[in-house]
Amino acid sequence: MSWWGVLPGIVLMAGLWLAPGYLFLRALGVRGLLALGAGGGVTSGLAGVLAIGIDKVGVTWSLVTFLIGCLAAILIALGVGRLLRTTRDPAGEVVAGTRRLARSERGWLAVTGLVGGGVLSLAMMTGMQRADMPLQVWDAVYHLNALWFIQDTGNASSLGSLAPMYADTASPYYPTVWHSIVAIAPGFENVTQAANSSSIVLGTAVWMASLVALSRVVWPARALPVVLTPIVAATFVTFPAVSVSMLGVWPFAVSVAALPGALALMIAALRGNQTWQIHLAHALGFAAAAAGVVLAHGSGLFSLALLAAPLLGVLLFRQGRRYWRRGHQVPVAIAGVLLVTVVVLGTIVLLNFQPVQAILDYQRGGQESYWPGIGSLLIDHPLIYVYDIKSVNLVITAMAIVGICLTISRKHARWLVVALLAAAVLTLLAAGPPENPIRALAGFWYTQASRINQLFVIPMIVLAAGGLAWICRSLADRLRLPITGTTAVVLVGVALATFGLRWPTQVEVMSSVYSNWPIAWGTMIDSEDELAMIDRADEVLPDDAVVLGEPVNGSSYLLARSDVSVVYPQLTTISGSPERELLAQEFNKWYLSPEVCQAVTDLGVTHVYADDLTFEEGGKWEETTPGLRIIDTSRPGFELVDEGGQASLWRFTGCDDREEVSGSGT
């Protein structure tokens, strides 16, 4: 399907992700860009909490139940806002900035938002080619089938809703915020379209609005950095393109996209010279947005801590000092002790939490030197795969350096520099030599440089927007030209220097795992013909069909795309299912093993998915499934049903009369 066909769905999904959170914050008394930018994070938090609660009371998860839950939360927020008298308090209008943006400034922000978001969206769409093109990376298979199960069961709780992904052998905690929203988004025919559209929504509406909110509070007296933020954001490939394509980590992408808005609310909540009601209203909003960051992905807590720690330390110290000087020494001292105690105890509990331990224990290799990582950070080159350098972002790096100089010299927002350096160090630790003893600090993000690098981008964008605005203003003053015209000329220069806001690299990264066969890291669906075969499987196979195939050969896509049951809904063999483990190892010897045929019978296998695409030809390779890699379909017991590309679907009856088949074949 073309992108035009899902455009209404994209618009509706953007509204679904931003509107509930915005209305919740607005009801509390949070205003303007701050409420809009943090809206995506708050909606994510509401989805995470409501999905668990709705499951507990035995109600089906749907668009209607989600919106009813959001309405209830908004009404509660409205009651709190009325109680605090912050809903209509004029003071709330200038919490984010020293003044409201003028109408012309808001107009130019809309223009830059459309340009930045439009270019990024078109580049991503061009790389994907079609709205229903499947993402071919490890995590994507899991997430697409998880969406299908949520729609099928009506359960989106992070506490066990994805048990079917593990053949109901386990009910693990798994962050399902992304799944819960995308599964109920209207306007899509299947989960592939919805997932691909979510990449556009997260990368433009949620991410850019979130960054604009952060720029607004970081540069409260200046409108130009805020206006330029969408353009600067569009020049980065690390996020969202790498996150939603090569990595395929949509839940993590939600956490990152919502993070700047949460930081903006935290700054507003702790900014001085406000009434306690304004402080509390914004603090409650921050709690809701932070919940969205953390519930979307567990590492969001550590992402928030990494970027917020220097800022939070400064803001809390200033507030404590202010109240100390006003004569409230005892309450300040008690609050300080309690805060330190909570942080220490919370850290101990988290480090002993099983999901966190699983993240920290994840083993990953690295490079022999830190220099390649440093180079990638400077030009914004992907740290996940070997891509040709088709565009660089040096001009924005230069603007970020200008922004760093401004913050240091003016003693303003210097926490951004600390956060930038911290993210850079952790990125390099993950990318560099594995033997470094402090590399364990990167373990909170699976020791994956390409994930931590996405956090590095947040302070980079805000600093670069400030530096670029200063350059525009300085040129206008020196040349005595209008600021609007000067800025337009500078932005044309930025577009040229970044090769059309990084268009070539954006498209290459997206297409490398969507539409550019062979697929990077290994192809699962080798051609349009195989994809067409998968898509018509619901027509050629009976309703009770259960398909067995090597997970990495494309068979796992049958569930999400054609509603056909598969033995392996993810690319692992499910350790809690001995039958699945046995078939993965020995199915190709079924005619010699009664145990294999018993497993086939127990799992209800009716059809087999075969594919002769080899590793040398670009096929994906998996060590744990040798019994499914090469299947001899010339033996009796296989009846061809359909084929496409180098793949084929077979009706399997060999185990119905194994002794007869075994005798004729040996």
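Author: The model is predicted, so local features need pLDDT of at least 70 and side-chain atom pairs count only at pLDDT 80 or more, while totals for chains, interfaces and linings use all residues. Residues are numbered from 1 along each chain as its sequence is written, and side-chain values use heavy atoms, with hydrogens and water left out.

Reader: What makes the pair C597 and C655 a disulfide?

Author: The term is given to a pair of cysteine sulfur atoms within 2.5 Å, and the sulfur atoms of C597 and C655 are 2.0 Å apart, so the pair meets the definition. A search of the whole structure finds 1 disulfide. The pair links distant parts of the chain, 58 residues apart, with C597 in helix 25 (residues 594-603) and C655 in the loop between strand 5 (647-652) and helix 27 (658-665). Helices here are DSSP runs of H or I with at least four residues, and strands are runs of E with at least two, numbered from the N terminus. The angle about the S-S bond is -75°, and the link of C597 and C655 is left-handed.

Reader: How do you know whether C405 is in a disulfide or in none?

Author: The nearest cysteine sulfur to that of C405 belongs to C472 and is 17 Å away, and C405 is in no disulfide.

Reader: What makes helix 15 and helix 17 parallel, antiparallel, perpendicular or oblique to each other?

Author: Two packed helices are described by the angle between their axes and the distance between the axes. Axes are lines fitted to C-alpha atoms, for helices over the stretch in contact, and angles run from 0 to 180 degrees between N-to-C directions. The axes of helix 15 (residues 371-379) and helix 17 (residues 415-431) come within 9 Å and cross at roughly 135°. That value makes helix 15 oblique to helix 17, because angles under 35 degrees count as roughly parallel, over 145 as roughly antiparallel, 65 to 115 as roughly perpendicular and the rest as oblique.

Reader: Which residues make this contact, and how are they classed?

Author: Contact means heavy atoms within 4.5 Å, and G373, I374 and L377 in helix 15 meet A424, T427 and L428 in helix 17. These residues divide into 4 nonpolar, 2 polar and no charged, where Ala, Val, Leu, Ile, Met, Phe, Trp, Tyr, Cys and Pro count as nonpolar, Asp, Glu, Lys and Arg as charged, and the others, Gly among them, as polar.

Reader: What is the relation of helix 10 to helix 18, and why?

Author: Helix 10 (residues 250-270) and helix 18 (residues 449-479) pack at an angle of about 15°, with their axes 10 Å apart. The angle makes helix 10 roughly parallel to helix 18. The contact is made by F252, V256, L259 and P260 of helix 10 and R451, Q454, L455 and I458 of helix 18, and by class it has 6 nonpolar, 1 polar and 1 charged residues.

Reader: Why is helix 19 described as it is relative to helix 20?

Author: Helix 19 and helix 20 (residues 499-511) pack at an angle of about 20°, with their axes 5 Å apart, which makes helix 19 roughly parallel to helix 20. A495, L496 and A497 of helix 19 are in contact with F499, G500 and L501 of helix 20.

Reader: How do you know whether T487 and R480 are buried or exposed?

Author: T487, in helix 19 (residues 483-497), has a relative accessible area of 9% and is therefore buried. Residues up to four places away in sequence not counted, T487 touches L224, L228 and C472. R480, in the loop between helix 18 and helix 19, has a relative accessible area of 78% and is therefore exposed. Phi of R480 is near 55°, a positive value in a residue other than glycine.

Definitions and conventions
Buried means under 20% relative accessible area, exposed over 50%, partly exposed in between (1.4 Å probe, protein chains only).
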